[in-house]
Amino acid sequence: MTVMNMLKLNIIALGVVGLGLASCADSFLDVEAETSIFDTNFYQTIDDFEMALVGCYDGYQRTSSNGNLAFYVTSEVLSDNCFGGTGNTDSRSYQLLDRFDLSQAPSENNLFNGTWSDYYAAIFRCNTLLQKMSGINWEGNEEKKKTIEGETRFLRAKLYFDLVRLFNRVPLILEPTTANVPQAEASETYKVIAEDLKFAAENISAEAYSSSWAAANDGMVTQWAAKSLLARVFLFYTGYYGTTDVEGVVDHNYVLAGLEDVIANGGYGLVDAYKNLWEAASSIPNEEENSLETTWAGRGNKEFVFTQKFNFTQDYNGNLDGNRWLVMMGMRNTNFSPYGKGWGACTVNPKLVAAFEVGDTRKTASVIDVAAEGIDDIFDKKDQREYTGYSNKKYTPMCLPDGTTAVEGLGDGDNQISQYQDFVVIRYADVLLMAAEMGSVNAQTYFDMVRARAGLESKAVSKDNIMAERQAEFAFEGLRYWDLLRQGLAFAATEIAESNVSVLSGNVEDFVNISSANITATKGFMQIPNTQITLSDGVLVQNEGWK
């Protein structure tokens, strides 16, 4: 059985490799009682390791499908793309994030507790697989061993990269343990991240699955994905922490060479029409047939380097594979085909809408303009907080012309748990712009390729122009906040700060104020969940600005 085929089994994978994670809901270290089943009955064959790898992918998927505060949603709320939004009578937890201000919701000192547990549960799976690899004979299958190890180390690196960006200093756990592990310095964590991604980039077989990377390896880690993520890590770490390399593991030349290899040999390309990257943006209702007509490029298209996969088969009986955060992004209680209702988080900042250049096709592909698209009269403004007239089009639930949600009839058909849209972690356009930013000899060509697809003329390549391009190209893709932060804390704080932006909350005028001082006080990092500090008996220390 190939790993590609086994990915289809990720719903049942927990029955084999997830047993040691049942108690992670309370503490990411509380796993000892359940580990004996794998020690005695599992990790005996290569097939076992391939199934365990599926469990690692499943663990990564659960960081979004488990229903806790998702990294993606957090990234958008923190950025200057969006305000917190949600329902007008909901907790102000998203305003706490948006303002970097605990006084917005003083009792919400545990926002990331489930997120923290989900991430360390996934890391536990990766660490267990890696620890067991020396326990069997891989003779004759050395390439497969390297590929399995490479994919696992990529996933661990991605998990730690999310954690260290959110919290800066986190426990660095590299083997299954029940010890009360203190926080490591960020430099230590980034060193491991770089080492893991470097190993993945150099050891995942180029022939492991198929030469048609995007289509055949949809959702799978490839060496190209590792090289691309390593560049993202390099740019953030060197930008935010002011270094020239990542702790001696990789330098500028190594990372740029990796990007050039992805461009030259990865087999990727830009989808011709930008809107076709996104299901809602490329779909129009057919009222006669109560269906959606679409030009969507589909899953596994040539531009997707790495995606986080979801399915509609999630239920309330332990199967967790749905996109649980997608419903947060939908227009509050408002169906307007092809857009389906949701909980109204991340209302779009008008400043972003104004930033698109005239003629940029990415604007209408990215933003739902409520008035321009004829939705204003039916939008549920009374229940919406921080209404701006704009919503996220890239990631939104969908519905048919009769108002039936697109997930009805699929799995449990539940609007919250049956959403199945994948999250695009890395696109080829990002590879091109990162290579341009890092000074490729082809920088102008790469930059112009991205602009031309958006219907725009050439512009001189420069750091400032690339950053402006990234804002338009990757709006609502979870990148903007980190792009701001890596340009310097003071710069990010100034860009995100807002003064008396007029919005509607409960259909009454309200104002958004975001203090740059709050952002600098926290250094851009998030609140470590109080439950985890308590469980650690004070070994974990709260981040500055959140005490």
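**Starting from one hairpin**

Reply: Let's begin with strand 3 (residues 283-286) and strand 4 (residues 291-294), which pair in the antiparallel sense over 4 bridges. Please keep in mind that this is a predicted model. The two strands make a hairpin, with 4 residues between them. At one place in this pairing, N286 of strand 3 faces S291 in strand 4. In the turn you will find N290, whose phi is positive, at about 50°. Most residues other than glycine have a negative phi, and most peptide bonds are trans.

F100 has a positive phi of about 55° although it is not a glycine, and its place is in the loop between helix 6 and helix 7. N507 is not a glycine either, yet has a positive phi of about 65°; look for N507 in the loop between strand 11 (498-505) and strand 12 (508-514). Which of these two is buried, and which is partly exposed? F100 is buried, because its relative accessible area is 2%, under the 20% that marks a buried residue. N507 is partly exposed, because its relative accessible area is 39%, which lies between 20% and 50%. The peptide bond from S337 to P338 deserves a look as well: this bond is cis, with omega near 15°. P338 sits in the loop between strand 6 (331-332) and strand 7 (341-342).

Strand 5 is mostly covered, with 5 of its 5 residues buried. Its antiparallel partner is strand 10 (residues 423-427), and the two pair over 4 bridges. Here F304 stands opposite R427. In total, the structure holds 10 cavities of 30 Å³ or more.

Strand 10 also points the way to helix 17 (residues 443-453). The buried residues of helix 17 pack against strand 10, helix 12 (252-265), helix 15 (362-366), helix 16 (428-437) and helix 18 (463-473). Those buried residues are A443, Y446, F447, D448, V450, R451 and R453. After helix 17 comes G455, with a positive phi near 85°.

What about the nonpolar interior? In soluble globular proteins, nonpolar side chains tend to be buried together. The largest nonpolar core here has 150 residues, and F154, L155, Y190 and W325 have the most contacts inside it. Helix 11 (residues 223-241) gives the most to this core, with 12 residues. Leaving aside neighbours within four places in sequence, F154 is in contact with L197, A200, V221, A225, A226, L229 and F306. Another core, of 9 residues, lies apart from the largest one; A280, V370, I375 and M398 are among its members.

Next, turn to R153, which is found in helix 8 (residues 142-167). R153 is buried, because its relative accessible area is 15%, under the 20% cut-off. Not counting residues up to four places away in sequence, R153 touches L130, E195, D196 and F199.

Let's finish with a pocket and a residue in one of its helices. The largest pocket has a volume of about 340 Å³. Of the 20 residues that line it, G67, N68, L69, Y94 and M328 lie nearest its centre. Helix 6 (93-99), helix 7 (113-132) and helix 13 (326-329) each give two or more residues to this lining. The lining divides into 9 nonpolar, 9 polar and 2 charged residues.

Helix 13 is where you will find M329, which is buried with a relative accessible area of 1%. Its C-alpha atom is separated by 8.8 Å from that of K393, although M329 and K393 are 64 residues apart along the chain. Beyond its neighbours within four places in sequence, M329 is in contact with residues including Y72, V73, A345, C346 and Y395. Y72 and V73 belong to helix 5, a helix (residues 71-78) in which 8 of 8 residues are buried.

Note on methods. Residues numbered from 1 in each chain as written. Predicted model: local features only at pLDDT ≥ 70, side-chain atom pairs only at ≥ 80, totals over all residues. Heavy atoms only, no water. Core = buried A, V, L, I, M, F, W, Y, C linked by side-chain atoms within 4.5 Å. Buried < 20%, exposed > 50% of the residue type's maximum accessible area, 1.4 Å probe, protein only. Contact = heavy atoms within 4.5 Å. Pairing = 2+ DSSP bridges. 1 Å grid on protein atoms, 1.4 Å probe; cavity = no way out; pocket = protein on both sides within 12 Å on 5 of 7 lines; lining within 4 Å. Points joined across faces, edges and corners; volume = space filled by probe spheres on them. Nonpolar A, V, L, I, M, F, W, Y, C, P; charged D, E, K, R; others polar.
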